[in-house]
Amino acid sequence: MGIFFSALIRRMWNRQFLTFLFFLALSSAFWLFQKLNETYEEEIDVPIELRNLPKGVVITGELPQTAKVTLRDKGITLLNYLYNDKLPRIVLDFSTYARQEGRVNILSSGLIKQLRPTLSAGTVIVAMKPDTLEFYYTYGRSKRVPVKLQSPIKAETGYAILHQHLSPDSVTVLATTNVLDTLRAAYVGTADMQRLTTDIRKNKKLRTIPGVKFMPDEVTVSVATDRLVEKKVTVPIIGANMPEGTELRTFPAQVEVTFQVSMSQYRHITPDDFTVVADYLNLPADGSNTCRLQLTTKSQQISHARLSVEEVEYVIETHK
């Protein structure tokens, strides 16, 4: 087989075959030259550079690093822009555009006028995106503000939020004086932190505000959750706001309280965490012998607390 293939290659590698390859390469070169000489449109990324930034000035709204510019020219020229280190550049002089503190808007028409002399004579600028360059800045003014949740973090039904923590819980804000005077907090979005069933820890970006720079611009949100269980305790009923020399007695003298609590706190909740009151000031004026009970709790870990009965019979005893 080796001898066969060697003979085959020798027969193919002759003068006719080399002539064919030569004319194939020549025709390909003519075709490529013709294609490169045709006119095309190409969108390229033109770098943007901000120069002469004064000492103490801080950019608070990031300037885009590039602008997308659509150019029309012959293919060979466009290739030079892309692959031959001839890519044009937009240079912005801070002193030229910063007329007042805070915000700078530069229309694309002015940028196109600056960019055109850096291009070949036959190159046409068809379009530029964005049509307006915008950036914000401040002369180093800042303050510290707390970080807050944009909306409450919630657990799934049957679960409880044990605790939540933001790290850091405050950030430095750089902005103009007017913005600093009105800004009271930096906010973290919590749309993806609802109906939780497990502990969670996420690094989250602060909600952006035009012209405002947060340092740092993200915080860590940590949330601990636990499953809820039901528990019952028996709590004595006490009278409140009783006139001097009187005592309120209820029948029964104590009542059962049913509530939900996290598994980790189940053993720590006792009857002392509840108060059940029969208030003298709320006794019925029609002489009825039943009164409504009021339930309060000391623990934030308790939820859905309810009494086994809401009304009890009572008598008022007078002491001589």
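Trainee: Why does Gln150 count as partly exposed?

Mentor: Gln150 has 43% relative accessibility. Buried means under 20% relative accessible area, exposed over 50%, and partly exposed in between (1.4 Å probe, protein chains only). So 43% lands in the in-between class, and Gln150 is partly exposed. By the way, this is a predicted model, where local features need pLDDT of at least 70 and side-chain atom pairs count only at pLDDT 80 or more, while totals for chains, interfaces and linings use all residues. Residues are numbered from 1 along each chain as its sequence is written, and side-chain values use heavy atoms, with hydrogens and water left out.

Trainee: Where does Gln150 lie?

Mentor: In the loop between β8 (142–149) and β9 (159–167). Strands (E, at least two residues) and helices (H or I, at least four) are DSSP runs, numbered from the N terminus. The C-alpha atoms of Gln150 and Tyr187 are separated by 5.5 Å, though the two are 37 residues apart along the chain.

Trainee: What makes Phe94 and Phe135 a tilted aromatic pair?

Mentor: Rings of Phe, Tyr and Trp (its six-membered ring) pair if their centres lie within 6.5 Å; planes under 30 degrees apart count as stacked, over 60 as edge-to-face and the rest as tilted. Here you get 6.5 Å centre to centre and 40 degrees between the planes, so the pair counts, and it's tilted. Phe94 lies in helix α4 (residues 94–97) and Phe135 in strand β7 (residues 132–138), so the pair ties together parts 41 residues apart in sequence.

Trainee: Are Phe94 and Phe135 buried or exposed, and how do you know?

Mentor: Phe94 has 3% relative accessibility and Phe135 has 2%.

Trainee: How do you know that the buried residues of α3 sit on the same side?

Mentor: These are Gly75, Thr77, Leu78 and Tyr81. They cover an arc of only 160 degrees around the axis, which puts them on the same side of α3. That arc is the one of the directions from the helix axis to the C-beta atoms.

Trainee: Why is Leu79 called partly exposed?

Mentor: Leu79, in helix α3 (residues 75–83), has 34% relative accessibility, so it falls in the in-between class again.
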